[in-house]
Amino acid sequence: MDLDELDRQLLSVLVKDGRVRWSALAEQLGVSPPAIADRVRRLEKGGVITGYTATLNAEQLGLALSAFVIGTLEHARHRQAFLVYIHGHRAIEACHHVIGDGDYLLQIRCRSTAELESILSDEIKALPGIQQTRTTIALSTVKVSTALPVDVSPVDVLPVDI
């Protein structure tokens, strides 16, 4: 989907405050509220805006432990069962199919090392086809952001010589 400058400005505001009123957004961007509503609907329908959510403080919810787990599958035939497990597990915040060491990088958020041990030993390592896991525990988090850099267009990105 092609985005113009107004789309980019609109997205930049929405990623910072998804609850902004149409009227305030329209005033800030210099267009009418109906024009803003039409733009947002178009961006939603086009899949650029995929949803709206509240950002929660994990530590305040008792989920102070953040771990990153690299999982390696023995064979691709085990992928579907693994992905079904991943999608159904509330403690898994993110799952990335990666290249390099391992096949999948998981971010797990839980209450304690004992809970993490249970997730790893009793669940993940018990899945069919799990060849290996490697776990790293975060001591602290320096930055987390859900705001994508919408001010950069694909044309602005220059190739890098390696």
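**Exercise 1. Find how helix 1 (residues 5-16) and helix 3 (residues 33-45) are placed, starting from their axes.**

Step 1. The two axes come within 11 Å and cross at roughly 85°. Axes here are lines fitted to C-alpha atoms, over the stretch in contact for helices, with angles from 0 to 180 degrees between N-to-C directions. Helices (H or I, at least four residues) and strands (E, at least two) are DSSP runs, numbered from the N terminus.

Step 2. Leu6, Asp7, Leu10, Leu11 and Leu14 of helix 1 meet Ile36, Arg39, Val40, Arg42 and Leu43 of helix 3. Contact means heavy atoms within 4.5 Å.

The model is predicted: local features need pLDDT of at least 70, side-chain atom pairs count only at pLDDT 80 or more, and totals for chains, interfaces and linings use all residues. Residues are numbered from 1 along each chain as its sequence is written, and side-chain values use heavy atoms, leaving out hydrogens and water.

**Exercise 2. Describe the setting of strand 1 (residues 65-73).**

Step 1. Strand 1 pairs with strand 3 (residues 104-110) in the antiparallel sense over 7 bridges. Pairing requires at least two DSSP bridges between strands. Ala67 has Ile108 in strand 3 as its bridge partner.

Step 2. Strand 1 also pairs with strand 4 (residues 130-137), antiparallel, over 7 bridges. There Gly71 stands opposite Thr133.

Notes
Buried < 20%, exposed > 50% of the residue type's maximum accessible area, 1.4 Å probe, protein only.
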